[in-house]
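Biologist: I am new to reading protein models. Can you take me through one, feature by feature?

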Amino acid sequence: MMNRWHAVKRLLPILAGLALLLSACGRADLSTLQPQGPIAEKQYDLMKLSIGMMTVVVVIVFLILAYVLIRFRRRPGQTEIPKQVEGSHKLEIIWTVIPIILLVILVVPTVKYVFEFAQDYTKDKNAIQVKVTSHQYWWEFDYPQLGIKTGQELVIPTTKKISLQLNTVDVLHSFWVPSLFGKIDTNPEGNTNKMYFEAPKAGVYRGKCAELCGQSHALMDFKVKAVDEAKFDAWVQEMKAPAVLPQDPALAATFEKKCLSCHAVGDKGGTLGPNLTGIGNKQAVAGVLLNDEAPVEENLKTWIKDPEKVKPGSKMPKVTLTPEELDGISKYLANYKLQYDNGK
Ligand code: CUA
């Protein structure tokens with residue numbers, strides 16, 4: 001009894017871990033099992049088809065096994081060797097033909113979808129073209145048709161196809177929004193992967209890096225924000241509007257010197273780090289400090305004060321700022337909000 005309890009106690013952490021793991025399956029914005037777009041729906045259909053067929057096969061095989069074990073068991077007093085059966089043509093044909101039929105049922109829709117998902121929309125003028133570039137540990141989104149570059153939050157219209165071309169500037173990463181589409185690797189320039197997707201339902205979907213790419217791989221999160229066409233057009237206009245710098249000239253000078261060498265706001269700044277335009281109403285700071293869990297200003301402060309602590313190995317340096325400058329810049333960025341989504 002004692003031993004059994006020990007075994008249970010040892011299993012508890014594993015069970016708790018599994019429960020935790022499975023609890024993520026319930027989120028509509030982060031689950032392959034709750035598809036929110038046509039690509040993810042078809043991928044989910046393939047999963048249901050293969051898992052369904054496998055389940056039927058497993059159940060039938062185990063039923064036959066159980067029947068055979070009981071029906072042909074050794075009975076009391078039985079000493080002779082049972083009749084040996086081999087080389088039944090009928091049986092061999094049955095267990096060869098059935099798997100072939102099952103494979104054909106799996107192959108037909110799979111191959112059909114493989115070609116459908118591989119369609120190239122990069123020349124389609126009606127699709128929104130986005131060049132996705134992965135960095136350790138953030139995502140850059142470049143809209144060449146619109147002249148916009150942003151980071152960490154891919155804003156898209158619900159009404160159009162989104163055509164992606166993906167590359168990395170450092171190691172291999174993998175771009176994945178579980179509720180919208182499967183994973184796709186980002187390779188160095190010269191080996192560009194392409195894909196397309198649609199998000200007909202407005203909402204924010206969580207994205208993940210799905211390729212071990214360094215110590216902050218698990219923190220390389222991003223968001224896809226799908227909005228209606230009018231909001232999308234408003235977003236484009238706001239992204240292209242001139243930069244709004246801090247009102248205090250001294251703070252503006254510090255911000256330009258210390259932040260805009262890598263980051264951009266509006267039409268000012270660099271491209272080494274994510275574009276900060278409208279960071280005040282993004283879902284997260286640095287991809288992982290969620291703004292519904294702490295005020296955006298707090299998250300900005302936490303991040304700027306010690307980036308290494310939030311995202312180890314990130315290229316964001318610890319800039320020297322006085323406490324007043326840190327407060328001022330965090331407050332300014334927290335209030336840098338775009339109005340396209342009613343200021344949300
Ligand atoms: Cu990038 Cu993992």
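Modeller: Start with domains. Domain bounds come from an automatic or database domain assignment. Here the chain is divided into domain 1, residues 128-229, and domain 2, residues 249-334. Keep in mind that this is a predicted model.

Biologist: How far apart are the C-alpha centres of domain 1 and domain 2?

Modeller: They lie 21 Å apart. The two domains touch: 16 residues from domain 1 and 18 residues from domain 2 take part in the contact.

Biologist: What area is buried between domain 1 and domain 2?

Modeller: First the general idea. The size of an interface is often given as the accessible area lost when the parts come together. Between domain 1 and domain 2, that area is about 1,500 Å². Carbon and sulfur atoms give 51% of it.

Biologist: Which residues in domain 1 lose the most area to domain 2?

Modeller: Look for Trp138, Glu153 and Leu219. Together they account for 29% of what the domain 1 side buries.

Biologist: Now helices. How do I describe a packed pair?

Modeller: Two packed helices are described by the angle between their axes and the distance between the axes. Take helix H2, residues 38-71, and helix H3, residues 89-117. They pack at an angle of about 170 degrees, and their axes are 11 Å apart.

Biologist: Why are H2 and H3 called roughly antiparallel?

Modeller: Angles over 145 degrees count as roughly antiparallel. The angle here is about 170 degrees, so H2 and H3 are roughly antiparallel to each other. H2 also passes H3 in a left-handed crossing.

Biologist: Which residues make the contact of H2 with H3?

Modeller: On H2, they include Ile39, Leu46, Leu49 and Met53. On H3, they include Leu102, Ile105, Tyr113 and Phe117. By class, the contact has 11 nonpolar, 3 polar and 3 charged residues.

Biologist: At what angle do H5 and H8 cross?

Modeller: Helix H5, residues 249-258, and helix H8, residues 323-334, cross at roughly 85 degrees. Their axes come within 10 Å. H5 and H8 are therefore roughly perpendicular to each other. Leu251, Thr254 and Phe255 in H5 meet Glu325, Gly328, Ile329, Tyr332 and Leu333 in H8. That contact divides into 5 nonpolar, 2 polar and 1 charged.

Biologist: What about H6 and H8?

Modeller: Helix H6, residues 296-305, packs with H8 at an angle of about 130 degrees, with the axes 9 Å apart. That makes H6 oblique to H8. H6 passes H8 in a right-handed crossing. In H6, the contact includes Val296, Leu300 and Ile304. In H8, it includes Leu326, Ile329 and Leu333. The residues of this contact divide into 7 nonpolar, 1 polar and 5 charged.

Biologist: Last topic, the backbone. Where is the residue Tyr137?

Modeller: Tyr137 lies in the loop between strand S1 (128-135) and strand S2 (138-143). A cis peptide bond joins Gln136 and Tyr137. Its omega is about 5 degrees.

Biologist: And what is phi of Gln152?

Modeller: Phi of Gln152 is near 70 degrees. That is a positive value in a residue other than glycine. Find Gln152 in the loop between strand S3 (148-151) and strand S4 (153-157).

Notes. Residues numbered from 1 in each chain as written. Predicted model: local features only at pLDDT ≥ 70, side-chain atom pairs only at ≥ 80, totals over all residues. Heavy atoms only, no water. Axes fitted to C-alpha atoms, helices over the stretch in contact; angles between N-to-C directions. Helix = DSSP H or I, 4+ residues; strand = E, 2+ residues; numbered from the N terminus. Parallel < 35°, antiparallel > 145°, perpendicular 65-115°, else oblique. Left-handed = near helix turned anticlockwise from the far one by under 90°. Contact = heavy atoms within 4.5 Å. Nonpolar A, V, L, I, M, F, W, Y, C, P; charged D, E, K, R; others polar. Buried area = accessible area lost by both parts, 1.4 Å probe.
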